[in-house]
Amino acid sequence: MNEILILEKVIKKYGNVTALNVERLGIEQGTYNVILGPSGAGKSTLLRTVAGLDYPDSGKIILDGKDITNKPAWERDIGLVFQNYALYPHLTVYDNIALPLTVKGFKKEEISERVMQIVKVMGIEEHINKYPRQLSGGQQQRVALARAIIKQPKLLLLDEPLSNLDAKVRVELRSYLKTIQRQLNITALHVTHDQSEAMAIADNLVVLNGGAVDQVGSPKDIYENPKTVFVSTFIGMLNIIPASTFRINDGYDAVGFRPENADIFEDDGDISGTVKYVEYQGEETIVYIAVGDNTVRIRDRQSRFFESGKKVNIKIKKAFAFKDGKVVKSILF
Amino acid sequence: MDDIYRTAAHNSVTHMKPITKWAGLLTLPAIIYFLVFTLYPIIGNIILSFQRETLSGALVWTGLYNYHTILVDPYFGLVFRNTIFYMLTVPFIDIALAIPLAAILKRTDSKLMLLLVLLPSFIPFVTAAVSWELVLNPFYGPVYYFARFNWFDTIWMIVIMDVWESLPMAALFIYTGLKSIPKEIEEASKVDGLRGIRKLMQVDLPYILPNILMSLVLSIIFATFTFDPIFVTQGEVPPMSNVDLAYYSYQQFFTGIIGYAAVLIIIMSVISTIMSYAFVRVLRGGPSNKPSKHTTSRWQTFASGFPNLQMPSAITWFAGAIYLIFFLFPLVWVFLESIKPSAQIFSIPPVILTSSPSLIHYISAIIEGMPFLLSSLIVAVGVLLITVFVGTPAAFAMARYNFGGDKLLVYVLFIYTLPSIIFMLPLFEIMNALGLINTMWALIITYPVFVLPVVIWLSYNFYKNFPAHIDEAAQVDGMNLVKAFFKVIMPMSIDGIMIAVLYSFIISWGALIFPLVLTYSPFSMNLAAPYGAQTYSIFIGATLGHESIHYGSLAAASIISLIPPLILLYIMRDRLERMYRVGGAKG
């Protein structure tokens, strides 16, 4: 365990609204961390307090053993990639990337050497004479990334870095981000609201809800063992039905199961319902079934088609039992 | 994009045949006005330059005689040198002082300071010149105590007046540029470790280069055609010592040498056209699309030599205070002067704080000035009505339906930057032919030459960001475009038009050249046969000034002339930044 960044009891309020309330969060050296949450969950606030663009009302931020809580941005050893790139429009690609080094007082030759090295790694060496406006969104974001890591910061912060790009480039660049992070062995803290993006690149996922950390873990762990109703519904699809629908009743409020963790049978099952309609999606169909007052979705790998109004039974393989918004038990049938 | 947020800027409709006709109808009055009162005069000057006025007042052809006069005119060299002197000194002093001032304004972020700094630019130039004249008087002015030097003997006196009047606008353009730097860029430079002067040099100044160039060009235009302070100081400075082309051409016109005046005006037209071209290029031209020849720019290498230090807050405020003293000093002095009893006005050493303040000068400035005040007010209101009802529909058609395309817009900007002295002669000829000389009509009809372009440009920028669905809804509801504009659009744009209205009023209020040329006596209160239309600016600049030297009334009249600009500034206080964030200034 080598935690390079630690947040302790960090609280940030805007007026009466608590934007951020982190009991403790540790980020390990050399890992790719994704902060995930819906808008208003405090993701950006967390990132900005770490960057030094906002300051917490109380608590401590420790970077590589040093307390940086009240240090201005320029005294923290961090790089930041902005959602809209925030490149200097009047500077060439070269000057954009070189700027942090000129501030640190590096010699011209050394700056040139380091810039040329990084643009090669980034695959943007043919653009160094161009101005940002002459580049595509994806290229601009690579330049922004280069500018953020040229000074070899202890921590790389990425604020929704892929949100301004179109879908194709986004997928391309996200695997690229991970590759670069591995290659240079940087610690990255990446903020996004896109769960598929988060699942795809995170070593470690931090789910924020209402300013607090709900759960931390690997994407697989969080998907399979969510600890709260919020996490289980925010990551992946989940059907929630009252516990009373089942014969089991150990004082749970509700039971949730994922659409792929259930099968449809005509005769036998745990619960029964009526088919409402079917969404055809190629390799599978999503079947909407009314169970009591609720509608559940079932993923059918055989792409079967069901008539509306048909009575069917559902057999559940795995479910979560909820009480007071928390997952109290994983049930395997 | 959500339909609600669609604006003209995002959605220039170009291929709409039926609507073009209606858009044209909205623009027609403005176009006719421009053709008659701006395009004709520009051509008229050329014709006049080949003509000469005979003793009987008739104009006869003289070929190149007037042009030849330049060569034999003993004053031309001096006048030309003076012009170049103003052109080279004022703008560069302006920019050199405006950049630190803008940085201070941004750093202190004080709205009060911004308003006080801007004050000089909004008050009539005549008032400014008169105030400085009172301040710089080596015997009766406050300089007696700390700079007793014959300021009237030096041409720098005009430079001081010019800088005082134009520096605030230059600073405002640069300041709004600085404020328009996106938050992300500010944050990026923070994360990259840039601070204070270093950030200003490496990021801010290059980023706002278009704003700086624009204020430089406007400053050059302003300084090259300096008129008001030269007019005001005539008779108190050595003859011809500070005269430039603008004033010289007026002098020639005044003594009846119209052909030669036309030649001088053509020279000025050429100079100002070059500058207008530069202005339009900077304003309309986006950044070039070529990659740089070098990977790194020399400026960056140069700028990275500056210390990466934030100026201590105390120094910033101290520097701000020095600027404020410079800007407020003459106004404070004029106020002190205006409340002195007559006996203390011409005392040596000058009285600073009078022990027996009196309002006697205000009473005389109002009573004697009443005919002038009436003319100024009536003319300003008349001009305001014309410019708003002619200008805003045109601006709307241009912004929303791209009517007239770039050509019309560039022409408006061209007229915007031309000094009004250029139109003096042909407009005089037109008004003379109409028999309107020395009437308020002459002023009301001609002032829009320099007011209309400002109103159109301000409203154009307003309508560029006006939601498009409003006139679309009006059209679907069965209104034609003209009806839609006056019934729906115009009432909804009171906010934007208000500024144009006030601006129009202020420009008219401070005008000097046109009333000097087109009127010769104060308004006669004889209502049976009214005539005369000299304005309050003439009252201040000539009647009380070099014609009679009533310093007390002069000071009081100057203070009175500040009232409309103060009202304007007060109303605009919250929108100043938005207004001057002119398009085309971003990378």
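The model is predicted: local features need pLDDT of at least 70, side-chain atom pairs count only at pLDDT 80 or more, and totals for chains, interfaces and linings use all residues. Residues are numbered from 1 along each chain as its sequence is written, while chains are lettered from A and ligands numbered from 1 in the order in which they are written.

## Chain B as a whole

Chain B holds 30 helices and two strands. Helices (H or I, at least four residues) and strands (E, at least two) are DSSP runs, numbered from the N terminus. The C-alpha trace of chain B spans about 70 × 60 × 50 Å along its principal axes. Does that extent go with a compact or an extended chain? For 587 residues, a compact globule would have a radius of gyration near 25 Å, and chain B agrees with its 25 Å. This radius is taken over C-alpha atoms, and the globule rule is 2.2 Å times the number of residues to the power 0.38.

Axes are lines fitted to C-alpha atoms, for helices over the stretch in contact, and angles run from 0 to 180 degrees between N-to-C directions.

| Helix pair | Axes come within | Crossing angle |
|---|---|---|
| α5(B) (residues 125-136) and α7(B) (residues 156-179) | 10 Å | roughly 130° |
| α4(B) (residues 111-122) and α7(B) | 7 Å | roughly 125° |
| α3(A) (residues 108-122) and α4(A) (residues 137-149) | 10 Å | roughly 140° |

Start with α5(B) and α7(B). Their angle makes them oblique to each other. Angles under 35 degrees count as roughly parallel, over 145 as roughly antiparallel, 65 to 115 as roughly perpendicular and the rest as oblique. The crossing of α5(B) and α7(B) is right-handed. A crossing is left-handed if the near helix is turned anticlockwise from the far one by less than a right angle, and right-handed if clockwise.

Which residues of α5(B) and α7(B) meet? From α5(B) come Phe125(B), Ala128(B), Ala129(B), Trp132(B) and Leu136(B). From α7(B) come Met157(B), Ile160(B), Met161(B), Trp164(B) and Glu165(B). Two residues are in contact if their C-beta atoms, placed from the backbone, lie within 7 Å. This contact has nine nonpolar residues, no polar ones and one charged. Ala, Val, Leu, Ile, Met, Phe, Trp, Tyr, Cys and Pro count as nonpolar, Asp, Glu, Lys and Arg as charged, and the others, Gly among them, as polar.

On the α4(B) side, the contact uses Val117(B), Leu118(B), Pro120(B) and Ser121(B). Among the α7(B) residues are Trp164(B), Glu165(B) and Pro168(B). The classes are eight nonpolar, one polar and one charged.

In chain A, α3(A) and α4(A) form a right-handed crossing. Ile118(A), Val119(A) and Met122(A) of α3(A) touch Arg142(A), Leu145(A) and Ala146(A) of α4(A). Five of these residues are nonpolar, none is polar and one is charged.

Strands of a sheet pair through backbone hydrogen bonds, either parallel or antiparallel. Two strands pair if DSSP finds at least two bridges between them.

One open sheet has six strands in the order β6-β7-β8-β3-β9-β10 (chain A), with mixed pairing. β6 (78-81) and β10 (212-217) of chain A are at the edges; each has a single partner strand, so one side of each lacks a neighbour in the sheet. On average, neighbouring strands of this sheet are turned by 20° against each other, direction ignored. Inside it, β3(A) (residues 32-36) and β9(A) (residues 204-209) pair in the parallel sense over four bridges. Ile35(A) has Val206(A) as its bridge partner in β9(A).

Another open sheet has five strands in the order β13-β17-β14-β15-β16 (chain A), with antiparallel pairing. Neighbouring strands of this sheet are turned by 45° on average, direction ignored. β15(A) (residues 285-291) pairs with β16(A) in the antiparallel sense over seven bridges. Ile289(A) stands opposite Val296(A) in β16(A).

## Where the chains meet

The contact takes 26 residues from chain B and 28 residues from chain A. On the chain B side, α8 (183-191) and α9 (196-207) each supply at least two residues. Helix α8(B) gives the most, with six residues. The chain B side has ten nonpolar, eleven polar and five charged residues.
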